Amino acid sequence: MNVKLLSGALGAEISGISLNNINKEIFNTVNELLLEHKVIFFRDQNITPEEQIRFAKFFGPIEEHAYVKGREGYPEITRLIKGAEEKNQWGEGWHSDVSYNVNPTKAVILKSIKIPPVGGDTVFANMELAWETLDKEIKDIIKDKRAEHFSLGAGFFIDEYKYFESNGNDAEEYSNHHPIVRTHPETGKKILFVNWTYTKKIEGLEESESNEILSKIFEHQSRLDLTCRYTWSENNVAIWDNRSVIHYAIADFFPGRGLGHERIMDRIAVLGDRPY
Ligand code: SIN
C-alpha cells in the first residue's frame with residue numbers, strides 16, 4: 001500500500017488497495033486512513049454498483065436523501081449528472097452533506113463515472129484545523145452555541161438541472177440545530193461544524209451579529225491553506241469523513257474550455273450520528 005499526501009492540510013491518494021473485494025481487515029485499514037487524512041482517493045477502481053454498495057455498508061447503514069431518489073435498481077446510489085451544456089452542478093458551494101438533518105451524513109463514497117477533459121475538480125477543507133486556527137475571540141463567542149441548518153440552502157438548484165432527473169423524494173424545507181463545535185465520535189477531536197450552504201443562524205444571537213460571525217467563519221473555513229484539491233479521472237473513488245470536512249465541487253464549465261462535457265458521479269452516503 002502507498003499513501004501520497006495531497007496537501008499539508010488533509011487528503012491522501014491511496015494505491016495498492018482494491019475496493020472490489022473488501023473484508024473487515026481491509027475495511028479497518030481504510031477507516032484508519034480516512035480518520036487520519038479525512039478524505040482519501042483511490043484511482044482505477046472498476047467496481048460494480050453492487051461492490052460499491054457492499055463497501056459502503058461496512059461504514060454503517062446507507063442514508064436516504066430527502067430530495068433525490070436512488071438509481072433504478074440501486075436505490076442506495078444517487079447518480080449525479082451534470083449535462084454537457086449545463087454550467088451548474090450538484091455540490092458547488094462549500095458544504096457538508098445534509099448538515100440540516102438530525103443525523104447528518106457520516107461518510108460519502110463517490111465514484112466517478114464520466115469526467116470532463118478539464119474542469120470539475122473537488123476541493124475539501126479540514127474542519128478540525130479550521131477550529132484549531134480560528135480567531136480566539138470568535139471561538140469564545142461560539143464554543144457553546146448551536147447553529148440552525150436549513151435544507152434548501154444557498155445555491156440549491158431544485159427542479160432546474162438535469163441531476164434532478166433523479167428527484168422524487170419531495171420533502172418540504174426543514175431545519176435542525178447542531179453544536180457549532182462538534183466532537184468527532186471516533187477520534188474525540190473538536191470540529192467546526194457550520195457551512196456556507198446550509199447554516200443560516202447562530203442560536204441566541206441577534207440576526208446582525210449572527211450574520212457577521214458566520215460570514216467571518218465561512219471566510220476562515222475556506223482558507224486555501226486548509227484545503228486539498230482533487231482532479232478526477234474515470235473510475236476513481238473518493239471517501240470523505242463528512243463530519244470533519246467541508247467540500248466544494250468546482251463548476252468551472254466555461255465556454256471554450258470546460259463546457260460541453262458531461263460529468264457523472266455515483267454517490268452513496270452513510271448515515272451519521274447526531275452531532276454533540
Ligand atoms: C457532492 O458535493 O456531494 C459531490 C461532489 C462532487 O461531485 O465532486
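A residue counts as exposed when its relative accessible area is over 50%, as buried when that area is under 20%, and as partly exposed in between. Keep those cut-offs in mind here. The model is predicted.

**Helix 5**

Start with helix 5, residues 207-221. On one side of helix 5, Ser208 and Glu219 are exposed. The buried residues are Ser210, Ile213, Leu214, Ile217, Phe218, His220 and Gln221. Looking down the axis of helix 5, these buried residues fall within an arc of 160°, so they line one face of the helix. An α-helix has 3.6 residues a turn, so residues three or four places apart point the same way.

What do the buried residues of helix 5 pack against? Their partners are strand 6, helix 3 (127-133), helix 4, strand 10 (190-192), strand 11 (199-202) and strand 14 (245-249).

The length of helix 5 can be checked too. Its 15 residues should span 21 Å at 1.5 Å a residue. The end C-alpha atoms are 21 Å apart, which agrees.

Now zoom in on Gln221, which sits in helix 5. Gln221 counts as buried because its relative accessibility is 1%, and buried means under 20%. Leaving aside residues up to four places away in sequence, Gln221 touches Ala125, Met127, Ala130, Leu192, Val194, Asn195, Trp196, Leu226 and Ile246.

**Helix 1**

Helix 1 covers residues 24-37. From its first C-alpha to its last, this helix of 14 residues reaches 20 Å. That is close to the 20 Å expected at 1.5 Å a residue.

Which residues of helix 1 are buried? They are Phe27, Val30, Asn31, Leu33, Leu34 and His37. Seen down the axis of helix 1, its buried residues fall within an arc of 160°, so they line one face. The face turned away from this buried side carries the exposed residues Glu25, Glu32 and Glu36. The cover over the buried residues of helix 1 includes strand 1, strand 2 (12-15), strand 3, helix 2 and strand 13 (237-241).

**Salt bridges**

The count of salt bridges comes to 14.

| Pair | N to O distance |
|---|---|
| Arg229 and Asp121 | 2.8 Å |
| Asp140 and Lys136 | 2.8 Å |
| Asp140 and Lys143 | 3.9 Å |

Take the salt bridge between Arg229 and Asp121. This pair links distant parts of the chain, 108 residues apart. Arg229 is in strand 12 (residues 227-230), while Asp121 is in the loop between strand 5 (107-114) and strand 6 (122-126). Asp121 is buried, at 9%.

Asp140 forms a salt bridge with Lys136, and another with Lys143. Asp140 and Lys136 are four residues apart in helix 4 (residues 136-142), so about one helical turn separates them. Asp140 counts as partly exposed at 39% relative accessibility. Lys136 counts as exposed at 57%. Lys143 counts as partly exposed at 43%.

Elsewhere, salt bridges link Arg71, Arg79 and Asp266 in a network.

**Positive phi**

Most residues other than glycine have a negative phi, and most peptide bonds are trans. Two residues here have a positive phi. Asp44 has a phi of about 50° although it is not a glycine. Val98, also a residue other than glycine, has a positive phi near 40°.

Where are they? Asp44 lies in the loop between strand 3 (39-42) and helix 2 (49-57). Val98 lies in the loop between strand 4 (78-82) and strand 5. Asp44 counts as exposed, at 68% relative accessibility, whereas Val98 counts as buried, at 3%.

**A nonpolar patch**

Met1, Val3 and Leu5 make a nonpolar surface patch of about 300 Å². Val3 belongs to strand 1 (residues 2-5).

Notes:
Residues numbered from 1 in each chain as written. Predicted model: local features only at pLDDT ≥ 70, side-chain atom pairs only at ≥ 80, totals over all residues. Heavy atoms only, no water. Patch = residues over 30% accessible without salt bridge, like charges linked within 9 Å, V, L, I, M, F, W, Y side chains within 5 Å. Areas by Shrake-Rupley, 256 points an atom, 1.4 Å probe, with all protein chains shown as cover. Salt bridge = Lys/Arg side-chain N within 4 Å of Asp/Glu carboxyl O. Buried < 20%, exposed > 50% of the residue type's maximum accessible area, 1.4 Å probe, protein only. Expected span 1.5 Å × (residues − 1). Arc of directions from axis to C-beta. Contact = heavy atoms within 4.5 Å.
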